[in-house]
Amino acid sequence: MFPANNVFLYSPAPTFRTGIKKNSFEESTIKTIIYYFTGTGNSLAAAKSICTHLGDCELVSIASLAGTSGEIQPGADRVGIVCPVYDFGLPSIVAEFVQKPL
Ligand SMILES: Cc1cc2nc3c(=O)[nH]c(=O)nc-3n(C[C@H](O)[C@H](O)[C@H](O)COP(=O)(O)O)c2cc1C
């Protein structure tokens, strides 16, 4: 389980961002994995931009993990999730993903 301050959620819509502290996207030495879901490309563009600023960062598609069972083992110091807001909440594929055990 990740400490809460090592998890962030970002969405292109400003209503849905958590865990982002001032300067938290500046380049750092810790490894980050960003799990992303995108419908039309905005979230992917945001995730790529965040990754570039973070430095040691890997992008993983949530859609590519759909249907897989078992624990998610990120192998990183920090985990981010980037996705669009759908109907004032998470897209269902992301809601299911975040229920998986870490
Ligand atoms: C089915 C659907 C529901 C949406 N619901 C919301 C919403 O409740 N609030 C909001 O701000 N944007 C909403 N949007 C807009 C998307 O969050 C926005 O277009 C986002 O940038 C899309 O990201 P993507 O290009 O990564 O798919 C919705 C879009 C779709 C397709």
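Reader: How many bridges join β1 to β4?

Author: Four bridges join these two strands, β1 and β4, and the strands run parallel. Two strands pair if DSSP finds at least two bridges between them. This is a predicted model, in which local features need pLDDT of at least 70, side-chain atom pairs count only at pLDDT 80 or more, and totals for chains, interfaces and linings use all residues. Residues are numbered from 1 along each chain as its sequence is written.

Reader: Which residue in β4 is the bridge partner of V7?

Author: The partner of V7 is V79.

Reader: Stepping back, how many helices and strands does the protein have?

Author: The protein has three helices and four strands. From the N terminus on, their order is β-β-α-β-α-β-α. Helices (H or I, at least four residues) and strands (E, at least two) are DSSP runs, numbered from the N terminus.

Reader: And how much of it counts as buried?

Author: Of the 102 residues, 24% count as buried.

Reader: Which residues have the most contacts inside the largest nonpolar core?

Author: They are I34, Y36, I50, V82, C83 and V94, in a core of 18 residues. Such a core is a set of buried Ala, Val, Leu, Ile, Met, Phe, Trp, Tyr and Cys residues joined through C-beta atoms within 7 Å. At least two residues of this core come from each of β1 (7–10), β2 (28–36), α1 (42–54), β4 and α3. The element that gives the most is α1, with four residues.

Reader: What is V94 in contact with, leaving aside its neighbours within four places in sequence?

Author: V94 is then in contact with F37, I62, I81 and C83. Two residues are in contact if their C-beta atoms, placed from the backbone, lie within 7 Å.

Reader: New topic: where is P12 found?

Author: P12 is in the loop between β1 and β2. P12 is partly exposed, because 19 other C-beta atoms lie within 10 Å. Leaving aside neighbours within four places in sequence, P12 is in contact with N42, S43, A46 and P84. The C-alpha atoms of P12 and A46 are separated by 7.0 Å, although these residues are 34 apart along the chain.

Reader: Which residues come nearest to the ligand?

Author: Of the 14 residues around the ligand, A13, G39, N42, S43 and P84 come nearest. A residue is near a molecule or strand if its C-beta atom, placed from the backbone, lies within 6 Å of it.

Reader: Back to loops: where is D87, and is it buried or exposed?

Author: D87 is found in the loop between β4 (78–82) and α3 (92–98). D87 counts as exposed because 7 other C-beta atoms lie within 10 Å. Phi of D87 is near 50°, a positive value in a residue other than glycine. F88 is found in the loop between β4 and α3, and its phi is near 65°, again positive in a residue other than glycine.

Key:
A residue is buried if 20 or more other C-beta atoms lie within 10 Å of its own, exposed if 12 or fewer, and partly exposed in between; C-beta atoms are placed from the backbone.
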